[in-house]
Amino acid sequence: MTAPAGPRRRATRPARAAALLAAALGLAACTIHTSGHGEVSDYAPTLGPSNVLLPGKPSATPAATCPPSYLPPDPQRPRVSLNFRIAPSLTTVTGTEHIAFTPDKAITELVFRLTPNTAPSVAEGNQIVVRSATADHGGGRYVFSRANAAPNTQGGLLRIPFAAPVAAGTTVHAALTFTVTLGEESFGRFGRTGGFAWFASAHPLLAWERGYGWHTEDMIDFPAESATSEAMQTSLTVTAPAADTVIMSGDPATPTRSGTTRTWHASLAAARDVSVAVGPFAVADVKVGAVRLRLGAPDDTLRDDLVPEFRRAITALAARFGPFPFPSLSVARLPASGGGIEYPGAILMLDGSRLVAVHETAHQWFYAMVGDSQAQHPWLDEAFAQYAEQLVDGTPEDPAALALPGRVGSSTESYGADERGYYATTYDKGAAALEAARTAAGPAKFDAALRCYVAANAWRIAKPADLQKALGKLPAAVAVLRKAGALP
Ligand SMILES: [Zn+2]
């Protein structure tokens with residue numbers, strides 16, 4: 001996501017110098033971010049047409065140091081089917097979720113993360129209530145863990161325990177039903193205003209990481225991301241009032257009408273999560289190279305202003321990091337302010353700036369494709385997204401950001417309620433460290449190593465050690481990142 005400038009995130013993330021100044025003054029800042037570069041007009045993937053995901057392709061592990069194209073998703077990845085029905089009032093969403101999950105080690109329970117129940121979310125009127133949860137292989141009565149969720153909720157983690165351990169390699173099926181309440185004038189990943197509503201990370205999110213196990217980290221005290229989830233084969237179905245348009249992860253087929261509703265369906269070969277927005281959007285459908293871009297906005301002017309920004313972002317970032325990870329990108333510009341939030345194949349845009357467009361599009365590589373634990377290693381997506389802004393917009397990070405306090409590699413949870421410290425260290429210092437590492441190693445070598453890192457960790461959950469491995473022949477870059485506390 002883009003960092004907020006105020007407690008209610010009513011302005012975009014400050015530009016670098018302004019952020020540093022603001023941090024020094026203890027003030028929020030809001031500045032216009034301008035580009036020093038011209039438009040990039042050609043879609044120029046340089047890793048080859050490898051973003052087509054082929055189900056059934058053999059497992060790509062162990063990862064090569066520098067595969068010639070993105071590794072395919074794990075054939076054993078979870079399969080999830082999500083069905084959301086949005087009430088005519090847009091105040092509630094009823095959902096069903098079916099999971100087929102094959103763990104790579106023995107499990108004694110299933111664990112799902114309930115993001116709508118975080119304290120800042122609930123304070124704005126959002127909440128999830130799980131109505132039912134069942135699993136085969138003897139999955140028993142479901143329970144909840146508080147995990148620092150708001151006290152007046154079921155909790156932050158849903159658990160379905162098994163009577164006996166389920167062996168590695170056994171496929172477990174689970175079925176859940178739930179209701180999500182959307183707060184009025186709420187901003188972030190849930191909200192509704194002016195006939196529009198949006199929600200993301202709204203369903204119980206399977207909290208497994210292959211090779212690690214369950215992620216049971218506490219909910220955090222501010223609205224940044226803290227979930228970890230695998231790329232799943234995803235089926236997404238949304239039923240909404242017939243007059244409204246749905247902008248969601250994936251590239252939905254033409255909706256089917258039934259009475260007063262329309263139902264939209266999309267499939268994603270690999271997605272860690274999904275976002276959905278609904279309302280009377282003015283929609284543009286354009287092609288950017290091979291990528292289908294769908295952009296919905298509250299009016300034609302906003303829509304027409306943003307299409308070139310996303311065309312530019314997709315093109316420039318693909319030239320930098322490799323082909324766009326998904327066949328399509330759906331962008332919902334909402335009648336709200338506060339930055340933007342990234343989801344696989346989709347972006348919720350609460351601000352219309354170029355900065356937000358580039359930042360959130362960069363997350364399609366760093367988070368959506370190259371995943372990370374957003375709780376343990378948030379810099380692996382946020383610092384990279386901000387670093388990408390600098391590359392595309394030609395706006396170097398203020399080197400003074402390297403002197404900001406804290407270790408870039410700190411966990412989200414370690415910041416407690418220090419939201420400002422989290423953003424300054426993870427985003428600003430992290431991006432400055434990447435830029436300094438690039439300078440130290442030599443830009444061409446660093447860029448090549450980063451492309452290897454992206455290809456080798458595609459559709460996986462990367463760790464700092466994976467980046468270090470990719471930078472193995474660039475000790476000067478590693479030294480810079482170590483000094484900033486990004487690498488161990
Ligand atoms: Zn971000």
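Start at isoleucine 107: its bridge partner in strand 6 is valine 166. Select both residues in this predicted model.

**The sheet around that pair**

Now widen the selection to strand 3 (residues 107–113) and strand 6 (residues 157–166). The two run antiparallel, joined by 6 bridges. You now have an open sheet of 4 strands, with antiparallel pairing and the order 5-6-3-10. Which strands stand at the edges? Strand 5 (143–145) and strand 10 (205–206) do. Each has a single partner strand, so one side of each is left without a neighbour in the sheet.

**Strand 14**

Next, select residues 245–248, which form strand 14. Thr245 and Ile247 point one way, while Val246 and Met248 point the other way. In a regular strand, side chains alternate between the two faces of the sheet. Are these four residues of strand 14 buried or exposed? All are buried. Pick out isoleucine 247 and its bridge partner in strand 17, alanine 277.

**Helix 3**

Move on to residues 300–321, the 22 residues of helix 3. At 1.5 Å a residue, helix 3 should span 32 Å; its end C-alpha atoms are 31 Å apart, which agrees. Colour the buried residues of helix 3, among them Leu306, Phe310, Ile314, Leu317 and Phe321. The buried set also includes Glu309, Arg311 and Arg312.

What covers these buried residues? Show strand 18 (282–288), strand 19 (291–297) and strand 20 (328–333), which are part of the cover. Helix 4 (354–362), helix 5 and helix 7 (443–456) are also included.

**Helices 5 and 6**

The crossing is right-handed. Show side chains at the contact: helix 5 supplies residues including Trp379, Phe384 and Tyr387, and helix 6 supplies residues including Tyr427, Gly430 and Leu434. The residues of this contact divide into 7 nonpolar, 4 polar and 2 charged.

**Zoom out**

Finish with the whole protein. How many helices and strands does the secondary structure come to? There are 9 helices and 24 strands. Of the 488 residues, 55% are buried. Among contacts between residues at least 6 apart in sequence, 69% join residues at least 24 apart.

Key
Residues numbered from 1 in each chain as written. Predicted model: local features only at pLDDT ≥ 70, side-chain atom pairs only at ≥ 80, totals over all residues. Left-handed = near helix turned anticlockwise from the far one by under 90°. Contact = placed C-beta atoms within 7 Å. Nonpolar A, V, L, I, M, F, W, Y, C, P; charged D, E, K, R; others polar. Pairing = 2+ DSSP bridges. Expected span 1.5 Å × (residues − 1). Buried ≥ 20, exposed ≤ 12 C-beta atoms within 10 Å, placed from the backbone.
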